[in-house]
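User: I would like to learn how to read the features of a structure that I have not seen before. Could you take me through them one at a time, giving the general idea before the case?

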Amino acid sequence: MAALIERLADGGRGLWLDYGAYASRLLAGGHVPWTDADAAIGWLRKAQGLLGSDVVTLPVREVAAAWLQMRPELSGAMAARPRAAHALKTLLADEVLRAQLASLATALRSSFGAQALVLALPSPCHWVALAHGQAHPGASVEVDADAVDDAAVHIADFLRRFADCGLDGVLLEESRESASALAESLPLYQPLLNVAAHYRWDAGLLMPADASVAGVEGLDFLVASEPAAGSVPGLRIPDSFWQGGQAPPRPDGGFRYAEIPGKAHPESVLERLASLR
Amino acid sequence: MKSKQSAAAIKISQVHDVEPAAAKAGKLINIDNGGTLTDICVIDGGRVWRTKTVTTPHDLSKCLLDGLVKASRTIYGRDDLLSLLLSTEYIRYSTTQGTNALVERKGPRLGLILGGTLKAAELQGTAQQTDLLASLVGVRIETLDPSLAGDALETAAVRAVNGLSSAGANRIVVAFGGSARSSGEADLKKLLLRKFPPHLLGAIPILYSHEVVDDAEDARRAWTAMFNAFLHPAMERFLYNAEHKLRQYRTRNPLLIFRNDGHSARVSRTIALKTYSSGPRGGAEGSKALASHYGFRRLLSMDVGGTTTDISLVEDGVVRAHRRGQVEGVETSFPLCDVVSAGVGGSSIIRAEGRAIRVGPESVGGAPGPACFGLGGKEATMTDAFLLGGLLDPASYFGGELRIDVERARAAIGEKVALPLGLTPEKAAQAMEEAWVGKIAASLRDYAPITPDTVLAAFGGAGPFVVCKVAEALGIRRIIIPGLAAVFSAFGIGFSDVAHSFEMPLASNDAAGLQAASELLLLQARRAMFGEGAELEQCRIEQSLRVIDPAGERSIALGEGEPVIPAQARVSLVLQAVKPISHAKLAGEFGKATCGAVSTAKRRTLSGELPLYRVEEQPAGSTAAGPAVLEEAFFTCRIEPGWRFEINQAGDILLSRS
């Protein structure tokens, strides 16, 4: 099975679509049933059939959020200790969540033989803050190097659960805050990048729109508004595209990434997508 | 307490009263494993439960077990697979794995050894054959010189097998042509077993075509063997996997596999190729059971889905079949039921073409679907026309779960049909209906002549909509909409018995030859049925002669008295042993309506404001006359003036024209 980059480079449009928000609204009334594996796969199949991304993404953050809603005792356990990385560690160690995600990944792999399958998760720096915020709503947290380091180790361990799921890649999502701290935190991501390399998954970052990519290196691919040397470029298509604006051409040896706005008009979405072929 | 069911499982638990059983032998479970969804039907005397689960192509035994667990949840209110299986007598299983594997060309690399008079060119008479041979076999073909014998033959045969093996073959098919076909293949088998003992790790499985089927048309028999070899490993892996998982629950009887000939058997006694296209056969068996129960001599079935309308026929208790069924356009030795797929359905794209209206064959598919789905589709479909015409009510469509938007339907119909033809959208919707009905009627008429006693059966999501109009176009006066239309295939496989068929050419075309063949086949049947856990005495034996002569091929049933065996023909004895096993029984009668159906609402359609009858609200044995709209969770039906409907105690609906 070819890793992500090979599959994307291999003909086709090289188009990676994030349709989570749009398809959630259009096909699931705003609530994707992540806790019901069959229903969730059904939703994804419909969305993929309608929109046709070259990459099928399993959004770990959304799945985890849905499970947290159903299991207040897990949130409670996450809040048990004040240490910054504790909430994330507890979340990632939860066997029910791991099992659900692994089974979703396996089902997706068998449902979509032709597309690349990617596990999308918040980056260590981003996820520490996110998980802490879920455990302690309203409280702020200091994300220092130790916290990022711990987080990276926990995430690396978590990723091993997906060894046999047939993944092609791992996408680490940065928030605006975590993207700005990337110069310091990126080297700390090494443990999980090692796991990805071991399983031959392409690993890359998803940068927020227009964030600077200066100094970002050592990754298989980078999704950002501009290319960076050393990584396969995944060029972000700007939001203005969906209102009729231009899309940048596909970069050499790379691909394009587009997020469909949640409230977009269905007829125009299909028209805009057709223009990218 | 109702257990939570996923969106993929049916929201409304359908419980039908079939017939109260006198003695509870055990539950019957029917599993119809389709491409996207797997349907499970559990029958316990008078009750029927159904559930759906998503098919897991990477491991079909997973959705089998998952589906059974879900079924147990529906029945017991909690997951209890053990209780379900302990109380089950038979599990019948029908799968599309074979069909999919061939369509996707996913299987072993075959090698072919030809002998006798059979040459590779004879296997490539048509474009489909050439294409398939290239995909399944490629260059891995070895032809043995028919003049070789003894040591020379041995050397050539060994070289052939080694050659195919180095070319990458992981399964070999042997096919000889000419009158010495069986003995030639049998001799080669002995030779190869000596030279390549099967217990060695490097041994490649070899399939001899005369062991798969007895058919003197060598190319056809070779193709049959090749298809079987191609399907064999995947079917074997999956079915043994499934059986193994079930055995842990100490099921009473082994898993039964439903075949495309309408019968079932254990995994170990099933030929892979006979599972190909078993799905449509399940539906046909359901139709056959319906026809027999209600005394319909001729039942024409139309299953109208999104893209196609599948048409089949049951006449005089027999499912119409091709004696030599086609697999991927290539004729094989085995029969397959004759189902025609016409390119017209609820999602067919309908457009103005000049002054006329064109219906399909392209369809909008599941996504984006009809314009009214609001997923971005802009084409006009019949679903849009039914919505604009008022036949569909957004509040009740799919129980209100699928949102449909009449303005989008109007816009699509306006742009694609009304404007080009200079009509209002409403008039365009009516014209679309006429064109759609016309295409379906024409497809039905092409398939079979319509006789005065032909009854039409309507299934599929889009079947019942304007079925009265389809019937009127054909001069048909009675229509049946079965209560279990939505699960018809799964229900249908439940009528199958365990059966095995054997065939052997007569050594001489006389009574002595017939007697000898009969004795040999009875012995084979006894062994086979013993493998099924039955004594031959418990089985029904049916014998017939297959006669092939210059006039063609025909069958002579063997009953009382001396049969006339043609002297100048190729005659084979066909013997079928059938062990009847428990199956669902149909109940319900028509013509015994006791009360008027109750209408509690109206539906505003282009034909006026019509009384709406909801099937769930009607008592058994109720009837009413059209014009009206009859609706339930899975279908909507417009009853035309001059027609009347009757809902019987089994939930089956008969529409009749006065």
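Analyst: Let us begin with exposure, where a residue is called exposed when its relative accessible area is over 50%, buried when that area is under 20%, and partly exposed in between. Please keep in mind throughout that this is a predicted model. With those cut-offs, A:Arg83 is exposed, because its relative accessible area is 52%.

User: Which residue does A:Arg83 meet in a salt bridge?

Analyst: A salt bridge is a side-chain nitrogen of Lys or Arg within 4 Å of a carboxyl oxygen of Asp or Glu. Here the side chain of A:Arg83 meets that of A:Asp150, with 2.5 Å from N to O. The pair links distant parts of the chain, since A:Asp150 belongs to helix α9 of chain A while A:Arg83 sits in the loop between α5 and α6, 67 residues apart. A:Asp150 itself has a relative accessibility of 25% and therefore counts as partly exposed.

User: Where do B:Asp338 and B:Arg320, another linked pair, lie in chain B?

Analyst: B:Asp338 lies in the loop between β18 and β19, and B:Arg320 in the loop between β14 and β15, 18 residues apart. Their salt bridge brings the closest N and O atoms to 3.1 Å from each other. On the one side B:Asp338 counts as buried, at 8% relative accessibility, and on the other B:Arg320 counts as partly exposed, at 28%.

User: How many residues apart are B:Arg410 and B:Glu407 in helix α11 of chain B?

Analyst: They are 3 residues apart in that helix, which means that about one helical turn separates them. Their side chains meet in a salt bridge of 3.2 Å, N to O. B:Arg410 is partly exposed at 29% relative accessibility, and B:Glu407 is likewise partly exposed, with a relative accessible area of 46%. Salt bridges can also share partners, and in this way B:Asp215, B:Glu217, B:Arg220, B:Arg323, B:Arg324, B:Glu331 and B:Glu553 are joined into one network.

User: Which residues are buried in helix α4 of chain B?

Analyst: In α4(B), which spans residues 127-136, the buried ones are B:Gln129, B:Leu132, B:Leu133 and B:Leu136. Seen down the helix axis, they fall within an arc of 100°, so they line one face of α4(B). The face turned away from that buried side carries the exposed residues B:Ala127 and B:Ala134. As for their surroundings, the buried residues of α4(B) pack against β6, β7, α8, β16 and β17 of chain B. After the helix comes B:Gly138, which has a positive phi, near 65°.

User: How should I read a residue in a loop, and what does B:Pro205 touch?

Analyst: B:Pro205 is found in the loop between α6 and β9 of chain B, and it is partly exposed, with a relative accessible area of 35%. Not counting residues up to four places away in sequence, B:Pro205 touches B:Asn170, B:Arg171 and B:Ile172. Between B:Pro205 and B:Val173 there are 8.7 Å in space, C-alpha to C-alpha, although they are 32 residues apart in sequence.

User: How many residues does each chain bring to the contact between chain A and chain B?

Analyst: An interface can be read by its residues, its area and the pairs that cross it. Chain A brings 18 residues and chain B brings 19. Together the chains bury about 1400 Å², of which 57% is on carbon and sulfur atoms. Of the area that chain A buries against chain B, 35% is supplied by A:Asp38, A:Arg45 and A:Glu267, more than by any other three residues. The interface also holds 3 salt bridges. B:Lys378 forms a salt bridge with A:Glu271, where the closest N and O atoms are 2.9 Å apart. On the side of chain A that touches chain B, the largest share, 6 residues, comes from α3(A).

Methods: Residues are numbered from 1 along each chain as its sequence is written. Chains are lettered from A and ligands numbered from 1 in the order in which they are written. This is a predicted model: local features need pLDDT of at least 70, side-chain atom pairs count only at pLDDT 80 or more; totals for chains, interfaces and linings use all residues. Side-chain values use heavy atoms; hydrogens and water are left out. Buried means under 20% relative accessible area, exposed over 50%, partly exposed in between (1.4 Å probe, protein chains only). Helices (H or I, at least four residues) and strands (E, at least two) are DSSP runs, numbered from the N terminus. The arc is that of the directions from the helix axis to the C-beta atoms. Contact means heavy atoms within 4.5 Å. Buried area is the accessible area (1.4 Å probe) that two parts lose on being put together, summed over both.
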